[in-house]
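Trainee: I would like to go through this model with you. Please keep the answers plain.

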Amino acid sequence: MQEPSLFPIPEPQPQSASQAMQPAHQPAPQLTPSTAPQSAQPTTPAPVDELVCRIAFSRIKGMTVSLAQQLLEATGGSCTRLFTAPMQELSVINGLENHGFTESVRRELLLHAGKEAEFVRRHHLKCLFFTDADYPRRLLDCEDAPVLLYTLGECNLNAKHSVGIVGTRSATVYGVNFINKLVDELRDRLDDVLIVSGLAMGCDIAGHRRAMADGIPTAAVLAHGLDTIYPMDNRNDAMRIAGGAGALVTDYPSGVWPFRGNFLARNRIVAGMVDALVVVESAESHGGALHTARIAYEYGREVFALPGRTSDTYSGGCNKLIRRHVATLCRGADDIIDVLGWTAKPQEGEQQKLFKVLSPAEQSIADCLQRKGDVSADVISRDTGLPIGQLLGMLMELEAEGVLLALPGNRYRLA
């Protein structure tokens, strides 16, 4: 049975499983002449503009963010030069020679990218290039981050607090009740929260639905192009998310259908977009949630798990994550807030702390962090003119007083 189209357009023919299946924890399949869906074969080139070139650039075989940064530096920061300059001029650029970037490949990439750009514009999608301000900045910490994302909806993917909720497709009442409680607590305890999951049945969709009910933006990361929605039963939820409750996110172009390998590759985006990943329920021996947890752990994200009875099938995976110290036991939002050092909103009945009056030197530090965000002590010293020895002492005091937070790598940001 075909999956329902999100848009009123003909469904593309699915790729073969051998074309769509990719190794887990790898970037999406590249749209090259050998892998493009036949229905996406354009006959005439579209006008070459930056959008077309960005899409084509992202589909170069083996493209990664690190390689993309190198190539953009060599071409003055624009993708267009790669697809308009004479090939002889580009032959001196290191990094292209090992990726089969010939004139014929370049021409084919532009043809397919032009078709995709038409689809993007026709359906009001956004293409988030890794250099864009709206691109999820947390993903840039991940070596296999996609160079480009396709999104539908209005949602800040760089919210101050980003929490992923994943788990089995066979969620129990215990798991769903916990998800509802957790999302309610995140709403009550924190400002600017984003709930991230994968739109799957069970725990994923429970997280999305509770976020929508609580008015929290939610991002659904998909394992296929935006010309279809999988699973069918969650189509209405996807429409609600795209219609104002959040955003649908994917690194797959139209014409890519949901095969198993795509879901495993999709998990890296869920793991990379969040500060904290919560595994609610999972069997002990297998499951996409455990795969996502492993990736998040490798990325240095905080992983949490809901404990359960040893006799419960879908608590086995969570208990194993806790037992092996991959995940922290999670009873609710306060456990996440404590581990990440987030500042919670004062609760009713709690006495709010008086604002600290800052000295001129302290105010200069705060102003620097306000302008620059997450920066090192050396940057703060240069910006404020404070000697590094004096500055470090002041940073410790301001951290103790809750004005700023110390981060790994001798970096700081406002609390």
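Trainee: Where is the place of His325?

Mentor: This is a predicted model, in which local features need pLDDT of at least 70, side-chain atom pairs count only at pLDDT 80 or more, and totals for chains, interfaces and linings use all residues. Residues are numbered from 1 along each chain as its sequence is written, and side-chain values use heavy atoms, with hydrogens and water left out. Helices (H or I, at least four residues) and strands (E, at least two) are DSSP runs, numbered from the N terminus. His325 sits in the loop between helix H12 (316-323) and strand S9 (328-329).

Trainee: Is His325 buried or exposed?

Mentor: Buried means under 20% relative accessible area, exposed over 50%, and partly exposed in between (1.4 Å probe, protein chains only). The relative accessible area of His325 is 66%, so His325 is exposed.

Trainee: Is Leu199 buried or exposed?

Mentor: Leu199 lies in the loop between strand S4 (193-197) and helix H8 (203-214). Its phi is near 65 degrees, a positive value in a residue other than glycine. The relative accessibility of Leu199 is 0%, so Leu199 counts as buried.

Trainee: How many disulfides does a search of the whole structure find?

Mentor: A disulfide is counted here as a pair of cysteine sulfur atoms within 2.5 Å. The sulfur of Cys53 has its closest cysteine sulfur in Cys79, 6.9 Å away, which is too far for a bond. Across the whole structure, the number of disulfides found is 0.
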